Amino acid sequence: MQITIVGGGKLGESVARQLQAEGHEITVVDKEEDVISQLSNTLDVIGYVGNGASYSVLRSAGVENSDLLIALAETDEVNMLACLAAHKLGVEHTIARVRDPEYDDHLYVLREDLGLSMTVNPEKAAAEEIARILRLPSATHVELFAGGRVELISIRLPSGNILCDGLKLSEFSQKLDVTALVCAVERNGEIVIPGGDFVPLAGDLLYLAGSPKEIETILKRIGLLAHRVENVIIAGGGRVSYYLAEELLRKGVKVKIVERDVEVAEELAEKLPRAVILQGDAADYELLSEEGLNRTDAFVALTGLDEGNILSAIYAGKHNVPKVIAKINNENIASLVKDESLETIISPKVVTGNDICRYVRAMAARSPEGNVLSLYKLADGRVEVSEFRAVAGMDGLLGIPLRDLKLKKNILIGCLVRDGQAIVPHGVDEIREGDFVLVVSRETILNELSDILEDR
Amino acid sequence: MNRRMSFFILGKILLIEALLMLPSVVVGLIYREYDAMLSFLPSIGILLTLGLLSRLLRPRDTAIYAKDGFVVVALAWILLSVFGAIPFVLSGAIPSYIDAFFEIVSGFTTTGATILSDVEALPKCLLFWRSFSHWIGGMGVLVFVLAVMPMSGDRTLHLMRAEVPGPTVGKLVPQMRKTARILYAVYAVMTVILVVFLLFGKMPLFDAICHAFGTAGTGGFSIRNAGIAFYDSAYIDVVISVFMILFGINFNLYYLILIGRVKEALRSEELRSFLLIALAATAAIFANTYHLYHSVGTTLRHAFFQVSSIISTTGYASVDFANVWPLFSQGVLVLLTVIGACAGSTAGGLKVGRIGLLCKSAFQGVRKAIHPRAVTPVRYEGKPVDTAVIHSTLVYFVLYVLIICASTLLLLLDVGDFTTALTAELTCINNVGPGLSAVGPMENFGFFHGAAKLLLSLNMLIGRLEIFPMIVLFSPSVWRKNVN
């Protein structure tokens, strides 16, 4: 597909990189010449210098031939204008990044007029992801598939857990009487897609898929369902904090926010009357202890400083806070952190990049060539989980027991969703027409469901 | 630098060269020149072996940075020439390896200077290889590799930038691979059209193909001792003149025309200056040589042919201008040698775009001297030009002049007259072909000493790759293992 991206900042670059790798033709428009020359040096994209909200700039960049315009410029207004202009130029799909809560709240009024197909809000998306994780605190990540009917979570096996008794994966379902599937395992930085005879060890990071109920059951059986998060301390009072606090307060969780800036703190206090807003430095550990750091259920570091977030999160982890989450803007830093007390790192950029790519995949799926409904990347993108719809005419795939299918290496069918029910597949199950199929894959790019089969 | 990846790409290039030798083998089979044809097989064997060996080096890190791009391109062109010269030596057509090297470098760099005094004595398959090297070298080998080989697209712009002539390189479409394919498609289609035109002029098919290669790559190798003058046809002269100009135009403009943005293409400042210079030079030479021919048609035909041939840096000749024409006309041609054609074409020379920038910044300097506080950005193609671009153009020009001075001085050790040394150097670094005096259009470069031939070969490569890749290649810091 032809895709135009307005704004070549951090998010724009990461989205361009990902979409380009998936074979799309990318045009980037940015007002800074340096940004454009840097981007066109490192990526196989074409760049235009100019104001992406300007009708004439977009025309000269050939936007009318694009299938999709993604506006990721610095300011919301530019993004909305760019989408409006692109819409007028006949671009069918437009995605705008809109970050200001004031716009975000009332966007549904304008959406149609602006011709927006989708809006992304990295801060809000990050907040939603954090909220999901706080619901299942033992998980380091939680992803939803098939409209929320399937959950994919990752958990780190502590030593002494019954899962690391030297049993094979195939023996668990009988022993625990649950049906959830281990899709992938990360051990010492290596990632494997396990077979039935895989033996988990303490310290492994397991990726489990199943319906939310099954996931809860299995976590209970293996003793990893920590009790509910009832109070949370948030460091930093930025947008992510605001969205997160709002979400948590709605669920009845007690929230404390530590913010250094007086004005920001006052504004937060005004907008979130039920939260406790503390004016102070989040790196002031004295203050944190005073406010009950060692009694809180979770600590979330969301200041604008990556290093500060990591350090205060590790500090909280060392003080036995059960769940610690840090936000990071630069993933390169995240890869350096190897501290067991800090398992969960959230990057708004990555979360939003995944959202956008998922939309693009869905667009491509509607086109005749592909049919991936959604795609998630796990473990720094080394493992992909793709969602497909099984359609008629897939010979050699439908109606055949899974154990008789010849699958490629490093491919696993994670879950089937049939008539709204999630099914964890066994060897005797078969894929039927109309099923949603989750496929876990490593080092293989899947464009359609039949790609999972060994080439004949 | 990323050596593994660099050698990996070089391996691909060697494989491609083996592939590119096959048409010549076919020509040998057609004309039953089995001895000459067999001389290609050892080269193909060596290329395949080395190319396949380098596949073993499959690199983990595929990132190519700017300096890697320069080094890969420079090495690629040297290796292409080193192996491309072998068939000439093995077949006995050019017994000395240095001569053969000069000949093939002249081919790949689309210079067209030859050391052969009797071209027609060569077997047809070698003649074809010589002319075909123009066609490959014109658009670029790396661009060809990018078009046909699967390669991850990230950072490959560095490869293209190092090979495509001109101060700035723009892609036509987002994906590098498609850009390279479009360029080659335009190039190939225009070449075929030229062949058809030449066939209409009663040129034999083999001659038409070889001369089309020479024109398309703006090279200038002929397969006749007398060059294009052999056919003595006004029609052929005009067709080739027009096509030499066409191949001297930025290929991006053809793409713009293809997608219907004709007006935009015709508004190009570089294109207009290029045509204007060609027109002015033709007029000047016409006035200066009218007394020789006493016919408007003939004078115009020869003036236009020579101007078109030299400004596009092709180097065909329809008359022996070095001996027959007055000095003024010769001077105009030497100036055209330096100017060259448009960036992004197959031509050599300094490029009209660079000359435009240099002149404009010189005028701006004068204006600054008069109005020290005047704010007057240099504008080109309707847009203000970044000072960094002007700076790098000046740097390029200084290096260009320095190399010409040094090489001319060295050549004077070998040849007896100044005109020969200077025009031989200018014609080589600008990839034109003929010079004046002893290297005029009807002469050849055979009389130079071996060392001088190597120096001129180096100059041709420097000119074709626009200086920086060769200088980077010989910078020790690039090859040091540690990061400094």
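User: I'd like to start with helix α13 of chain A. How are helices and strands picked out and numbered?
Analyst: Helices (H or I, at least four residues) and strands (E, at least two) are DSSP runs, numbered from the N terminus. This is a predicted model, where local features need pLDDT of at least 70, side-chain atom pairs count only at pLDDT 80 or more, and totals for chains, interfaces and linings use all residues. Residues are numbered from 1 along each chain as its sequence is written, while chains are lettered from A and ligands numbered from 1 in the order in which they are written.

User: Which strands does helix α13 of chain A lie across, and at what angle does it run to β16(A)?
Analyst: Axes are lines fitted to C-alpha atoms (for helices over the stretch in contact), with angles from 0 to 180 degrees between N-to-C directions. Residues are in contact if their C-beta atoms, placed from the backbone, lie within 7 Å. Here α13 (residues 306-318) lies across β12, β15 (298-301) and β16 (323-327) of chain A, at about 175° to β16(A).

User: What is the strand order in the open sheet of six strands?
Analyst: Strands of a sheet pair through backbone hydrogen bonds, either parallel or antiparallel. Two strands count as paired if DSSP finds at least two bridges between them. In chain A the order is β14-β13-β12-β15-β16-β17, with parallel pairing. At the edges stand β14 (276-279) and β17 (344-346) of chain A, each with a single partner strand, so one side of each has no neighbour in the sheet. From one strand to the next, the twist averages 20°.
Analyst: Zoom in on one pair: β12 (residues 231-235) and β13 (residues 254-259) of chain A are joined in the parallel sense over five bridges. Look for Ala235(A), whose bridge partner in β13(A) is Val258(A). Helix α11 (residues 262-271) of chain A lies across β13 and β14 of chain A, at about 170° to β14(A).

User: And what about the open sheet of five strands: is its pairing parallel or antiparallel?
Analyst: Antiparallel, in the order β7-β8-β11-β9-β10 of chain A. Its edge strands, β7 (139-145) and β10 (190-192) of chain A, each pair on one side only. The twist here averages 15° from one strand to the next. Strand β9 (residues 181-187) of chain A is joined to β10(A) by three bridges, and Val185(A) has Val192(A) as its bridge partner in β10(A). Helix α9 (residues 212-221) of chain A packs on this sheet, touching β8 (150-156) and β11 (205-210) of chain A, and makes about 140° with the direction of β11(A).

User: How do I read the handedness of the crossover from β2(A) to β3(A)?
Analyst: Point the strands away from you: if the path from the first strand over the helix to the second runs clockwise, the crossover is right-handed. The chain goes from β2(A) through α2(A) to β3(A), and this β-α-β crossover is right-handed. Four bridges join β2(A) to β3 (residues 46-49) of chain A, and they run parallel. Val29(A) sits opposite Tyr48(A) in β3(A).

User: How many residues of chain A are in contact with chain B?
Analyst: Ten, and they meet eleven residues of chain B. Elements giving two or more residues to chain A's side are β2 (25-30) and α2 (33-42) of chain A.

User: In chain B, how do helices α1 and α3 cross?
Analyst: Angles under 35 degrees count as roughly parallel, over 145 as roughly antiparallel, 65 to 115 as roughly perpendicular and the rest as oblique. The axes of α1 (residues 3-30) and α3 (residues 40-55) of chain B come within 8 Å and cross at roughly 155°, so α1(B) and α3(B) are roughly antiparallel.

Note on methods. Contact = placed C-beta atoms within 7 Å.
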